[in-house]
Amino acid sequence: MDDMLKEFVVEALDLAVNVEEHLLSLQKNPEDMNTLNAVFRSFHTIKGGAGFMNLTAMVSACHLTENLFDALRTGKSPVTPIAIEAALEASGFVSDQLTALSNGTNPDQLSTMPAALEQLLNDAIDGKSTSNKPAPKTAASHQPVATTTEPVAPVVEGEVPWDAYYRAVVPAGTLPDVVPLNPVVKQEQEAVKTSLASNEIKQNAPVKEESIRIDAVKLDVLLEVAGESVQAANQAAVLLEKLSQFPFDGDAAPLMSALTETLNRASRYSTELQRATLATRMQPVGRLFQKFPRLIRELAKDLGKEVDLEISGAETEVDRVVVDSLYDPLVHMLRNSLDHGIESADERAATTKPARAKILLKAWQEASSVMIEVTDDGKGMDANRLREKAISKGLINAHEARTDDEAFQLVFLPGFSTKEVASSVSGRGVGMDVVKTAVERHRGAIRINSQLGKGTTFIIRLPIELSIVPTMLVRTAGASLALPMSTVQRVVELPETFESVGGQPVLRDLGRPLPIRSLGQVLGYEKSTERVGIVIAAPNPYIISVDSVDGTSDLVIKPLTCISTPGITGTARSAEGELVLVISLSFLLDGCKVVERHGT
C-alpha cells in the first residue's frame, strides 16, 4: 500500500468508527442536528478521499448515504429506523472495505457495492420522504436536462441574473443546455462562496498541524531508551549515596555537592522523559469499544435476540499495546454473552426480565490498573454443573474447585467445554483459555462472577502502563522478587507457630483466618526462615510469607521471551543493579498456586 492510500485508510477508518457511534446516538435522539450534520460531513469526507483513490464502490455507498443524510438534515425525510439501518449497513460496508485495504487487499480486488445495500439506501431516500417533492436523486445523470425555456431565476437584491437575461435573447440551440446542480453540490458551492467573501479565510496563512503520525515502533524504541535512562539514573543515585558515606575534604567537597545536584536534575529529567514518552502510547479504550456495537447488532440479528450494548468509561486510557491486543478476547467474551449468556426470546419471556436484554461494556481506573468489565443480564452459570463437567473430563479431582468462585474459573482450563452450550457462534468456556493467555501476556488477570438466573460478569484487570509497574520488593531464600503493588494490602509479622485448619497454617488478620503460603516454596526455592507476611488482595484473600521486605519501587519490566516459568511474568533491575524476578498478577490473584493443566 502506498503512503497516500495508507494515510487515507487510517483517517477514513477513524471517521467510519465515529459515524457508527453517531448513528447509534441518533437512534435515541433523532432530532439532534449536530449529529446529523456530523454524519453527513463524515460520509462526504470519505467520499472525497475514496474518489481521489478511485475506490468506486466506496464512492457509490458514500454518495447515496450522503444524499440520504442531506434529506434527513434538511427535513425532507424523517429519521426513521429504516434510515438508520440503511446508514449502519453503509457504514459497515465502508468499514469492511477500509479494513480490507488495511490488511493489504489490492484496491482492484475490492468487492462491488451489494445490490441489496443500494436498494436499501434508495428506499430510505425515496420511500420515506414526508414532502410532496421528489426525493433527491443519487446521480447527475438522473437529473432533468434544462432547456432554454427554463424560467429566469429570481432576482436577489444587489444581484443581476445576467446569464438568464443573455439566454433569453439568444436564439434557441445557440448555447449548450444547462444542467442544474445537484442540491447538495449547489449548497456546498454557496457555502464556499460565502466563506470566501468573508474575512474568516486567510489565503496566505499556513495550515497549522495539531498532530503528526509516528510509527509505533519508533515510540517503542524511545520508551525503552527512556526506561533505561531512568534505571541508570537510579543506579547512579545509589552509588552516589554510598560514596557520600566517605569523608570528602578540600576541593572534593564542593565537587561532591555539585555532582549530587547535577545527578538529581538528571534523574528528574529522565523520569519526566519517561512519563512523557509513556503518555504518547496511552489511548482511550473507547477506540476499541467503538468497534463492538456493530458486532452486537449483527450477531443479535442473526440469533433473533433483542440486545442493547451499553458502553461506559470509554475515556479511560491504557497502553496502546493493551488496546490492540484486547480486541480478540473481548470479541470472544461478547459473543459468549450474547449467544449463550442471553436467553432466547421464549426463555426470556418466561422470566420477569425486560424483553430487551442488556450487555454492559465498562472500563475504569483503579489505582495503577485499568479494569474492564463485560456483564450480561442473562441466565448465569451453574457452578455445580461446571464442577461436575470438569471432574468428568478429568481436568480436576473431586476435592478441587469447592467454592463457586473456583468453579467459575474452570472455564479457563484448556479442554474445558460442554456440548450443551457449544454452538457455531460460541460456547461458554470454549477457547476461554486463549482469552486468559492473551490477558496474562500483558501482566493482567481475568475473573468471573455469576449468579444463576441473573447474569455473568467477566472482569479484566490490566496495568495502565506496561513498561513501568509499581512493585513491592521482597526477598526469600536469597532471591530478590517483586510483587505488583495492586495486590498488596499490608505487611504483617508472622509468629513462629501458627494455628492449623485442615492441615493448612492460618493466621488471624483483622479477625479473619487467612491461609499462609510460602512464596519461596511455591516457586521452588529452598526452605528458609520466613517471618514476614504480605496480605494479598485476591478474591479469596491469603498471606504469602517471605524473608524480608526491601521497600517499594517502580520497575521497568522486561518480559520473559525464551522461557516460561509459572508465577513469573518478567525481570527487572533494582536501583542497586540486582536482577529482580517479577511475580505474575494472575498468579497472585489465583491464590499463589501452580496448577498442572491437562487438555483432553
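The lining of the second largest pocket divides into 15 nonpolar, 9 polar and 16 charged residues. Nonpolar here covers Ala, Val, Leu, Ile, Met, Phe, Trp, Tyr, Cys and Pro; charged covers Asp, Glu, Lys and Arg; the others, Gly among them, are polar.

A word on the source. This is a predicted model, where local features need pLDDT of at least 70, side-chain atom pairs count only at pLDDT 80 or more, and totals for chains, interfaces and linings use all residues. Residues are numbered from 1 along each chain as its sequence is written, and side-chain values use heavy atoms, with hydrogens and water left out.

Back to the pocket. It has 40 lining residues. Val 10, Leu 13, Asp 14, Arg 287 and Lys 291 lie nearest its centre. Helix H1 (3-28) is among the elements giving two or more residues to this lining. H1 gives the largest share, 11 residues.

Next, two loops. Which residue sits between strand E8 (468-476) and strand E9 (479-484)? Ala 477 does. Ala 477 is not a glycine, yet its phi is positive, about 50°. Ala 477 counts as partly exposed because its relative accessibility is 32% (buried is under 20% relative accessible area, exposed over 50%, partly exposed in between, with a 1.4 Å probe and protein chains only).

Leu 510 lies in the loop between strand E12 (504-509) and strand E13 (512-518). Leu 510 also is not a glycine, and has a positive phi of about 55°. Is Leu 510 buried or exposed? Its relative accessibility is 70%, so Leu 510 counts as exposed.

Last, helix H8. Val 221 is placed there. Val 221 has a relative accessible area of 47%, so it is partly exposed.

Technical notes
On a 1 Å grid over the protein atoms alone, a cavity is a set of points where a 1.4 Å probe fits but cannot get out, and a pocket is an open set with protein on both sides within 12 Å along at least five of seven lines; lining residues have an atom within 4 Å of a point. Helices (H or I, at least four residues) and strands (E, at least two) are DSSP runs, numbered from the N terminus.
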